[in-house]
Amino acid sequence: MQKLPKIQVDNFNLHYGNFQALKNIDLYVTEKEITALIGPSGCGKSTFLRSLNRLNDLIDSVRCEGKIMIDNQEIYSKSCDVVSLRKKVGMVFQKPNPFPKTIYENVAYGPRIHKVRDRKKLDMIVEKSLREAALWDEVKDDLNRSAMRLSGGQQQRLCIARVLAVEPAVLLMDEPTSALDPIATQKIEDLIRSLKKSLTIVIVTHNMQQAARVSDTTAFFLHGEVLEVGSTAVLFTSPKERRTEDYITGKFG
Amino acid sequence: MNEQDRKLFLPETMPFILLRLTMILVFLAVVYIFYDIVKKGFGVISFEFITAPPRSGMTAGGIMPAILGTIYVTFITALAGMPVGFFAAIYLNEYAKRNLLTRIIRLSIRNLAGVPSMVYGMFGVALFVHSLSFGTSILSAGLTLGLLTLPVIITTAEEALKSVPDAYREGALALGASKWHSIRTNVIPSAFPGILTGMILGLSRATGETAPILFTGAAFFLPRLPTSIDSQFMALPYHLFIMATQHHAVEKVRPLAYGTAVVLVTVVLAMNFAAIVLRAYYRRKLRG
């Protein structure tokens, strides 16, 4: 069965003031696949990720041109509603960022924004999301505990549950395990793989093994451009570009 | 002193001793002032002193009208200063662009904190008493003191908002929250301890001020209690000023002046203490 493109990026450029951070990005992200963005620090992969939910809008000096289509809808067009875009395109950040509220309130935060008021329904969403994020068994007896008391790995899974609670179709992950230990990292990776069933995932990672382990497609960013993109198996075993090979074998980075 | 100690004495031990001495000096000064006031004033503190008006040309009786007046004025000050300062800080930190204009505005607000309180008083006379025809009243005095609290409230609230990690804002926005929703449900609750501290410190400073209320509504002596916000009033700091310098029998009423000082200092310290307790409480609540 042919899978559909979920995200189509067409000649996308982004400038911070006079600095061009992204150059002529063309990229297809396939539905219900995991796409990894790799590349050295400052290559633009996080900036690109934040373009997909328009989080760069927050920065005054950012200008962008080109087209990003998600589900065939142009996200930078005037008719695009940022709130519903961000509901559809969830994001998990590098450093776990639970809100200083209870576990329950963290997960219910998103649904509450989107006008879910009924307590029973909220309870259901909270449980479902925490289960999907593989955190339920660890916290179910203590939902009113502060999220700040959880371990780093638990906090990150809570942040994932918080995103899942608004039922996104796309999940953006910005180095979600770089602040975590190997065991917590493995749990998150297992989780990412299981979420693939229902979600399209784009993950930025500095960890080459992680990209190789979890992703279907990998895009290699360098100096604001996509230097090479291809199936992960192929890109990691026989990259076309010499610089891709140098990077994944650790010659620079 | 061995070789190691001697080597470290100038670069390490000396500055440390100096810093500690400075701290002790400040601490002793505060303790001494406190001790002096309490020693000389505690004798007159009684149930009557707190609950009765002055009698016999203010040579006897209590200071109840001044306590009440200060409470009334502080209430108006809080009503005027807290919301304005709070919203101004939110605007400055969350919405205003960082450019030359907002830098100038920020600088001006910080400088307002250094404006002599008498200047606030004159400004209050011009604006509230005359231009807006509020007369010499609790309202005029309260609003004038409200202005005085603004720099403190805005500056501390802005610092508190600034210390809220951007990750909280982005986390909420990434879930589809509007900017105001994220500020209301996430940023403000996190900054609340700091904001509250600033508000109370601003108020406690205003409570102790004399100059801004001198021409805007405080009275030397009133036979009756104020009945509405356009009445004149007696206030603790002004009463203290009168008892200490303006009274026809200054020597005779000195204990009463010290007693007034004890009450005023207690009120201000109680407010500061409340700020500390509330801040600690909310910090703990946030940390969980």
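1. The contact between the chains. In this predicted model, chain A and chain B meet through 24 residues from chain A and 17 residues from chain B.

2. What kinds of residue does the side of chain A that touches chain B hold? It divides into 11 nonpolar, six polar and seven charged residues.

3. Chain A, elements and overall form. Chain A has 10 helices and 10 strands. Its radius of gyration is 18 Å, close to the 18 Å that the globule rule gives for 253 residues, so chain A is as compact as a globular protein of that length. Along the principal axes, the C-alpha atoms of chain A fill a box of roughly 55 × 40 × 40 Å.

4. Chain A, interior and contacts. Of the 253 residues in chain A, 46% are buried. Take the contacts in chain A between residues at least 6 apart in sequence: 68% of them join residues at least 24 apart.

5. Chain B, elements. Chain B holds 11 helices and two strands.

6. Chain B, extent and interior. The C-alpha atoms of chain B fill a box of roughly 70 × 65 × 40 Å along the principal axes. Chain B has 288 residues, and 40% of them count as buried. Among its contacts between residues at least 6 apart in sequence, 77% join residues at least 24 apart.

7. Helix α11 of chain B. This helix covers residues 254–287, which is 34 residues. From its first C-alpha to its last it reaches 49 Å. That is close to the 50 Å expected at 1.5 Å a residue.

8. Buried part of α11(B). Which residues of this helix are buried? The run B:L256, B:A257, B:Y258, B:G259, B:T260, B:A261, B:V262, B:V263 and B:L264 is buried, and so is B:A275.

9. What covers α11(B). The cover over its buried residues comes from several parts of chain B, including α1 (3–41), α2 (47–51) and α3 (64–95). Also included are α8 (179–207) and α10 (236–246) of chain B.

Notes. Residues are numbered from 1 along each chain as its sequence is written. Chains are lettered from A and ligands numbered from 1 in the order in which they are written. This is a predicted model: local features need pLDDT of at least 70, side-chain atom pairs count only at pLDDT 80 or more; totals for chains, interfaces and linings use all residues. Two residues are in contact if their C-beta atoms, placed from the backbone, lie within 7 Å. Ala, Val, Leu, Ile, Met, Phe, Trp, Tyr, Cys and Pro count as nonpolar, Asp, Glu, Lys and Arg as charged, and the others, Gly among them, as polar. Helices (H or I, at least four residues) and strands (E, at least two) are DSSP runs, numbered from the N terminus. A residue is buried if 20 or more other C-beta atoms lie within 10 Å of its own, exposed if 12 or fewer, and partly exposed in between; C-beta atoms are placed from the backbone. The radius of gyration is taken over C-alpha atoms; the globule rule is 2.2 Å times the number of residues to the power 0.38. The expected span of a helix is 1.5 Å times one less than its number of residues.
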